[in-house]
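Trainee: I've got a model open and would like to talk it through with you. Can we go question by question?

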Amino acid sequence: MAEIFGLDFGTTNSLAASIAGERAVLYEDDEGRAVPSVVYYQGTDTIVGRRAKDQLDRADAGVIGDAVRSPKAQLGSGQSIFVAGAAREPREVVAEILRHVRTQAQEHPANSGAQLPFDEAVMTIPVNMDGRARRELRDAGRDAGISVHQFVHEPLAALYAYLREQPDPRRTAAELEGKLMLVFDWGGGTLDLTLCQLVGGTLVPVHNRGDDRVGGDQFDERLRHLVRRRHADQNGLTTLDQQPGAGAKLLNRCEQAKISLSSGDDAPVFVPNYLATGGPASDIDVSVSRIELEELTRDLVEQGLESIDLLLRRAGVPDAGLELILATGGMVQMPVIGRRLRERFGPIRVPELEHGERMIAKGAAWIAHDRCRLRLAKPFEVLLADEMPATLIADDVDLPTRDTERSYEFGMHCVDPRDGFARFQFLRPVRPGRTQPTDPRLPYSTLLLPIDTSVRPLVERLTLNVRIDHDLVASVKVRSDLAGEEAVAEIHGLEFGLAVGGAR
């Protein structure tokens, strides 16, 4: 069987990875970084990745001039993306990024000996990506020559990478069984917080919160404004008439300076021919310090950390209830963020990660290598006539991988035919793990099935079929045998986790 690789298809950046021996190999670009999730349409040419990002003079997501940044957010929306004078489907734009990532991995020096085809992947997705978006993402992958073996939530991939790289993964998994863990994923576009739990050997997301107002791009913009003001003050300028494309160059230099300040005290920002005017003032050549960056973005850091309070308060979990805080994403390389997390939770619960921004890609690769399976995170239930939930599909069921499905059929009888309908309400518990019938539930969907009102109760047989496909979409069909009626629904929000057992 051809090797399955891992693919972190991110909102801001994307990265492929595989396992060689007992280590993860990352297929980064020529600058040793992940591939920007940007597509730039220049006439008949399509430019993807860092060259495309170099054309952007704003850090927004969406359409910027003739470029699309973070098209993943549009998957499943049912809407076209209008760019470069044409309407394009999100699937089409996403396929360009996936194709670029695949080609880069195939041509990477690290692949020269292995010659992996990169045609089948475990692909990471956000916790809140529903079945419609997963379907489109699978189609985009197929267009790019990549078959999705299975999807996995980004925080679960990061946690699996952490487990897998421990000296004794089995022991670590056993120690974390039943414990609550927080994955703190601060990237360029958003800060995503996910409360997770290891329940019966399955990693499951419990609560999730996202904030798109404090992404790393906002830090870059703050730094760009500072550099502009400093350059103007140093040269006595009241206006800055910049050259075409100079804004994009400055934004990229500021991002590089931000990264450099994660390990150094000062960083230069140099952009030649920034201004349209002649003379020495046309070049930007200033220096910024780590202290200045931290002071400039103090409110963004505080807002991001306050998101932890909001998440834990909603979940009813105190700080002491967290066993592990896994800080991932590019922004956690900023010393102030790691320092604040360790001040709050202590150094033991906030391990220092080497290249925390690569944890999701590494986790996807380890999951592919170990052939870990997805499992239903909570039982799939139906509400009975006595208002009590009954389990149709248990929460420890393995879910389908590529080109497979799981099908279940149930028979029951109509209890009360007087109103002409049988009501099927599908639901699941609020929390994973062992639950009681009286515990609160969340609804999936409700179906009303026409039935024969002329027969007595418990005479008409009703057939219920649930089919779960490889996109983790549940298709539900109910049929009344006497009335000959059917009702159908698709459930796109199944909750699923990752079976890790004792890890390898």
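Trainee: Is Trp-186 buried or exposed?

Mentor: Keep in mind that this is a predicted model. The relative accessible area of Trp-186 comes out at 0%. Buried means under 20%, so Trp-186 is buried.

Trainee: And which kind of aromatic pair do Phe-184 and Trp-186 form?

Mentor: Phe-184 is buried as well, with a relative accessible area of 0%. Its ring and that of Trp-186 sit 5.7 Å apart, centre to centre, with 70° between the planes. Planes over 60 degrees apart count as edge-to-face, so Phe-184 and Trp-186 make a pair that is edge-to-face.

Trainee: What about Tyr-27 and Phe-118: how far apart in sequence are the parts that this pair ties together?

Mentor: The ring centres of Tyr-27 and Phe-118 are 5.0 Å apart and the planes stand at 85°, so this pair is edge-to-face. Tyr-27 is buried at 3% relative accessibility, and Phe-118 is buried at 1%. Tyr-27 belongs to strand 3, while Phe-118 is in the loop between helix 2 and strand 11, so the parts tied together are apart in sequence by 91 residues.

Trainee: Which residues do ring pairs link into a cluster?

Mentor: The structure has seven aromatic pairs. Ring pairs build a cluster out of Phe-380, Phe-424, Phe-426 and Tyr-444.

Trainee: Now the cavities. Which helix gives the most to the lining of the largest cavity?

Mentor: The structure holds two cavities of 30 Å³ or more, and the largest has a volume of about 70 Å³. Two elements give two or more residues to its lining, namely helix 6 (216-235) and helix 7 (246-260). With three residues, the one that gives the most is helix 7.

Trainee: How many nonpolar, polar and charged residues does the lining of the second largest cavity have?

Mentor: This cavity has a volume of about 30 Å³, and helix 4 gives the most to its lining, with three residues. The lining is made up of Leu-159, Tyr-162, Leu-163, Leu-176, Met-181, Leu-203 and Leu-324. By class, that is no polar, no charged and seven nonpolar.

How values were computed: Residues numbered from 1 in each chain as written. Predicted model: local features only at pLDDT ≥ 70, side-chain atom pairs only at ≥ 80, totals over all residues. Heavy atoms only, no water. 1 Å grid on protein atoms, 1.4 Å probe; cavity = no way out; pocket = protein on both sides within 12 Å on 5 of 7 lines; lining within 4 Å. Points joined across faces, edges and corners; volume = space filled by probe spheres on them. Helix = DSSP H or I, 4+ residues; strand = E, 2+ residues; numbered from the N terminus. Nonpolar A, V, L, I, M, F, W, Y, C, P; charged D, E, K, R; others polar. Phe/Tyr/Trp six-rings, centres within 6.5 Å; stacked < 30°, edge-to-face > 60°. Buried < 20%, exposed > 50% of the residue type's maximum accessible area, 1.4 Å probe, protein only.
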